[in-house]
Amino acid sequence: MAFNAEQVRQRALKMRRDIVDMITEAGSGHPGGSLSATDIMATLYFGEVLNYDANNLTWQERDRFILSKGHAAPVLYAALAQAGYFDRKELATLRKFGSRLQGHPDSRKLPGVEVSTGSLGQGISVATGLAAGLKLAAANGDSATDVDSSTDTDPSTGANSSKIPFVYALLGDGELQEGQVWEAAMFAAQQKLGNLIALIDNNNLQIDGELAEVNSPYSIEEKFKAFNWQVLTCKNGHDVEEIKAVLDEARERALKALAQGEPSSPAPTVIVFNTVKGKGVSFMENKADWHGVAPSKEQKTQALEELGA
Amino acid sequence: MAELKTDKTADQKIEKKATRAAYGETLIELLNEGIDVVAVDADLSGSTTTAKLAKVAPERHFNVGIAEQNMICVAAGLSLAGKTAFTGSFAVFGTGRAYDQIRNTVCYAQLNVKIAPTHAGISVCADGGSHQMVEDIALMRALPNMRVLVPADYPSAKAALRLAAQTSGPVYVRMGRSNVPIIYDDSSPVTTASTLNLGTARVVREGSDVTLVACGVEVDQALQAAELLAADGVSAEVIDAFSIKPLDEKTILESVRKTGAVVTCEEHSVIGGLGSAVAELLVEQPDASVLLRKPLQRIGVQDRFGTSGDFDELFAEFALDAQAIYNRVKQL
């Protein structure tokens, strides 16, 4: 199926309505950082980027997605529901007793969640280990990755690079304040994890205000360059066509580097997406106060009107 | 009062080996047996001995450098790729510095990660209090989904590492730096470490007057104390608690119902470790009011940090040695 920008935009719109709906219903949650990441997530899941099969959870060749900014669980749930991992009706159970949709993603409960997250800085670190493990499995010719030795063999590992699954991790920009992110960044480059792609939702705001005021991580691009990552920028993290182009570029570059193997030294890739916190709901946009607050019924009605519901 | 011989080698050659010496070689054995093991260490792979695995299978050894939080989560990621992932470092860093990673990633998601640091307890010796971890059992015991194994010697450390690899999900294996006497041997089914299991304790010396429940290096100290007590006509039963969580309640209760007196012995804080686990077990029994004829005694580090010194000096200072156990029993 080819990339269809209009379809992705419609998916994103539906996800935004679901996010507003479920957080209002729950009475708590994180709308700001869910709405800023919606277009990235919609493109990943519905823009022919992520290889996944909602009907085959143990498919070893699937790409892995880890929501390192676990508090943005609603955007992940909205994507997974539309992707067919569970019934969309279940979104209404968010944060409620007995629900599989926990306040932060729980891999023991919900299909499609690769690993539980919520404590910041850990998801990217897990993604690093997972990317290394998938490379190792491919190099060992594990049935898990079903390597076809006839094509594209990586001379450094003996692995068929085109069959190594990719690992995507979505981080918040505030999350970059966690030291563990940089422990992982240093190690991912050291291990030449070309199959790791980190996505930064750079909405410039955290709970206590502007990142630049609280504790600036800028320049994010320069920091990752200094850590020997491949760095790409998406100027408008809400333009699904630009998002798609950058995600494709990241993957193509990485595949090329992986196929060449040593000495081209595949590096992990980071994409910095410039986004707007609360994107799509006028009264939430660019407001740190909407980091972790649920809308009232009236606010929900207005938000859904703006989202064309 | 009987005198303790602090150096038995004068009249009897005792084989000594550190529990950490079991680490790297057991990982290699497991790999050779077809278990998909990997090790993640944090710049201490020589000390923990995981470097031995790196020599035979470099692609299975991940050295993250001095970054213990990343060590735990990288292991978590490797487990998601189907690996049986062991982590290393010293116990103080491998548990305390990475506690949130062990809690929120490894235990919460119930991943197949083994927390197996070395250099636990006071027996780290010269490095001093900053490096002598005496709260790790408490930290690991409190975590849902975590199992806690404390091997007493080299053979039981091998058994613990094997059990960890064969058990799906998080397991903590506590190993030490110092050479300690070999207690287990494969000469008989009674003395072999190979049948140690999750949830098993082993009666390593039978007795009828008092039960010494010990773990780690304190099993040897308890056995020495039992010798001293025997000379005074006191018959001490010594139990190696090996599996602190799950605890072998049956073996411990059977012994206590026989002796009516318990002294717990651990190279760990008296808060939250083996002593706490045994106390919790005993007070919750329906016959708790008559179970103990003497008050429970807990040998351990008394809510303080460690300090530099050699093994004998420190075990005397912290009242962890056989003489201290002997004294405590005599005061009952």
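How many residues of domain 1 of chain B are in contact with domain 2 of chain B? In this predicted model, 26 residues of domain 1 of chain B are in contact with 30 residues of domain 2 of chain B. Contact means that the C-beta atoms of two residues, placed from the backbone, lie within 7 Å.

Local features need pLDDT of at least 70 and side-chain atom pairs count only at pLDDT 80 or more, while totals for chains, interfaces and linings use all residues. Residues are numbered from 1 along each chain as its sequence is written, with chains lettered from A and ligands numbered from 1 in the order in which they are written.

**Domains of chain B**
- Domain 1 of chain B spans 16-181 and domain 2 spans 199-331; the bounds come from an automatic or database domain assignment.
- Their C-alpha centres lie 25 Å apart.
- On the side of domain 1 that touches domain 2, α7 (136-141), β6 (147-149) and β8 (179-181) of chain B each give two or more residues.
- Helices (H or I, at least four residues) and strands (E, at least two) are DSSP runs, numbered from the N terminus.
- That side of domain 1 holds 14 nonpolar, eight polar and four charged residues. Nonpolar covers Ala, Val, Leu, Ile, Met, Phe, Trp, Tyr, Cys and Pro; charged covers Asp, Glu, Lys and Arg; the others, Gly among them, are polar.

**Sheet of chain A**
- Five strands form an open sheet in the order β1-β2-β3-β7-β6 (chain A), with parallel pairing. Pairing requires at least two DSSP bridges between two strands.
- β1 (64-67) and β6 (230-234) of chain A each have a single partner strand, so one side of each lacks a neighbour in the sheet.
- β6(A) pairs with β7 (269-274) of chain A over five bridges, in the parallel sense.
- A:Val231 has A:Val270 in β7(A) as its bridge partner.
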